[in-house]
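User: I have a model open and want to learn how to read it. Where do I start?

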Amino acid sequence: MVKVSVIVPVYNMEKYLGQCMDSIIGQTLKDIEVFCINDGSVDSSLEILKQYQQEDGRVTILNQENQGVAKARNTGIRQAKGKYVIFMDPDDWYPSEGILEMLYQAAEQHQVSIAGGSFMDYHDGIYNEEFEDRYYGYHFKQDGVIDYKDYQFDFGYQRFIFQREMLVEHGIFFKEYVRYQDPPFMVEAMICAGRFYGIDKPSYCYRYGHETITWNEKKVCDVLKGIQDNLDISRKYGLEKLHQLCVVRLNEEYRQLLGDSIVYEDYAVPVYEAMMETLFHIDTGMLGEMDRNVTRILSPIIARIREDAVRHNEEYGRLYRETQEEITKLWEMCDRKEREKTGLRSEIANLTIAMRYLDNDRMYLENDNRAVYESFSYRFGHSVTGVPRWVYRKLGGS
C-alpha cells in the first residue's frame with residue numbers, strides 16, 4: 001500500500017530538480033509514490049524526471065500542456081494512490097531523510113487527517129527558522145495535536161500531509177488562480193479536519209530569491225481573490241485571528257505590489273476595483289482592536305501609494321532634468337559641428353571659385369601661346385633661324 005503520495009508539479013526547473021528529487025526518493029519511508037506532473041516544461045526537466053523514473057519505479061510522470069500549478073496539483077490529488085498526499089515544489093527539498101516517515105507516523109498514531117512540521121527557508125546560503133509576527137504559524141513550539149481554531153494560519157501548506165480521502169470526499173482542491181491558490185486550500189482542509197498534529201522539527205525547506213516574478217493583471221487580481229476567499233471562510237467559521245491576518249497581509253505584505261500596480265501599470269483600474277471589492281469581504285466586527293472604520297482599513301495602502309507616487313514623480317523629475325541636460329549638450333555639439341561644417345563649405349566654395357579663375361587664366365595663356373605659334377612672324381623667324389640653330393647644337397650649344 002502506498003502510504004504517502006508526493007505531488008510535484010514541474011515547470012522549467014532543471015537547475016534545482018535533482019536536489020528536490022533526491023530529497024524525496026531518499027526518504028526512509030519507502031512506501032511512497034512520487035507523482036510528477038510535467039507542466040509543459042521546455043528545458044531539460046522532463047529528461048531529468050525520466051532518468052529518475054528509470055532508476056526508481058516509484059516515480060510516475062504525467063505530461064500536460066502548461067496549465068499552471070493549481071491544475072497540476074489537482075490532477076495529482078485525483079490520480080494519487082497514497083493514503084496521504086503532500087506537495088513539493090521542484091526548487092525546494094526536504095531537510096532530512098526522515099520527514100515523510102515522521103509525518104506519516106504522527107498522523108497514524110494520533111488519528112488525525114493532517115500532520116505537519118515547522119517551516120524553514122533558504123536564500124543565498126543562509127537557512128532561516130525565525131520569522132516576523134505575521135508568520136507566527138510557521139513554527140510549532142512543541143509537538144502535539146492542535147485545534148485549528150487555536151492556530152488560524154494559512155501559509156506553508158507544503159509541510160503538511162493531508163488525508164487524500166478527506167480532500168476528495170469534501171471537494172477540497174486548489175482554486176485555479178495563478179497566484180495565492182495555496183492559502184485557501186490550506187484553510188479549507190484545516191477547517192474540514194478540525195485539528196492536526198504539529199511537530200517542532202522543520203519538515204520543509206523553501207528556496208526563495210532565485211526567481212523574479214513578473215506581475216500582470218491576472219496575478220495581482222488573483223492574489224486579491226485568494227485573500228477574499230480566506231476573508232469569507234474566516235468570517236463564516238468565526239476565525240477572527242485569521243480574518244485579522246488577512247487584513248494585515250493587505251496592509252503590509254501586498255501594499256507595495258498593489259501600489260505599484262495602481263501607480264505604474266496600465267491595468268491600474270481593474271486592480272483598484274479588485275482592491276475596493278476586497279473591502280466588502282472584511283467584517284469589521286471581527287477586527288478586534290484593529291481600526292473598525294472600513295474606509296480606513298486600507299488607508300496604509302492608499303497612503304503609501306501616494307508616497308510611492310510622490311517618490312515616482314521626484315525620480316521622474318530628476319531623470320527628466322538629467323535627460324534634458326544631455327539633450328542640451330547634444331544640441332550644442334550638433335550646433336558646433338554644424339558651424340564647423342558651414343565653415344568647411346565656405347572654404348570649399350572659395351577654393352572652387354579660385355580654381356575657376358585659374359582655369360580661365362590657363363585657357364587665356366593657351367590661346368595666347370597658340371596665337372603666337374600660328375602667327376606669320378613666328379613661322380618666318382623660326383625658318384630663318386633654323387640653320388644657325390642647327391650649327392649651334394652641333395658645336396655643343398644647349
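Analyst: Start with the lining of the second largest pocket, sorted by class: 7 nonpolar, 2 polar and 3 charged residues. Keep in mind that this is a predicted model.

User: Now helices. How do I read which way a helix faces?

Analyst: Begin with the general idea. Residues three or four places apart point the same way, because an α-helix has 3.6 residues a turn. Now take helix α4, residues 99-109. Its buried residues are Ile99, Leu100, Leu103, Tyr104, Ala106 and Ala107. They lie on the same side of α4, because they cover an arc of only 160° around the axis.

User: What covers the buried residues of α4?

Analyst: The cover includes strands β1 (4-10), β2 (32-39), β4 (84-87), β5 (114-123), β8 (160-163) and β9 (195-207).

User: Which residue with a positive phi follows α4?

Analyst: Gln111 does, with a phi near 50°.

User: One more residue: is Glu273 buried or exposed?

Analyst: Compare its relative accessibility with the cut-off: over 50% is exposed. Glu273 has 52%, so Glu273 counts as exposed. Glu273 sits in helix α11, residues 268-279.

User: How far apart are the C-alpha atoms of Glu273 and Cys221?

Analyst: They are separated by 9.4 Å, while the two residues are 52 residues apart along the chain.

Definitions and conventions: Residues numbered from 1 in each chain as written. Predicted model: local features only at pLDDT ≥ 70, side-chain atom pairs only at ≥ 80, totals over all residues. Heavy atoms only, no water. Buried < 20%, exposed > 50% of the residue type's maximum accessible area, 1.4 Å probe, protein only. Helix = DSSP H or I, 4+ residues; strand = E, 2+ residues; numbered from the N terminus. Arc of directions from axis to C-beta. Contact = heavy atoms within 4.5 Å. Nonpolar A, V, L, I, M, F, W, Y, C, P; charged D, E, K, R; others polar.
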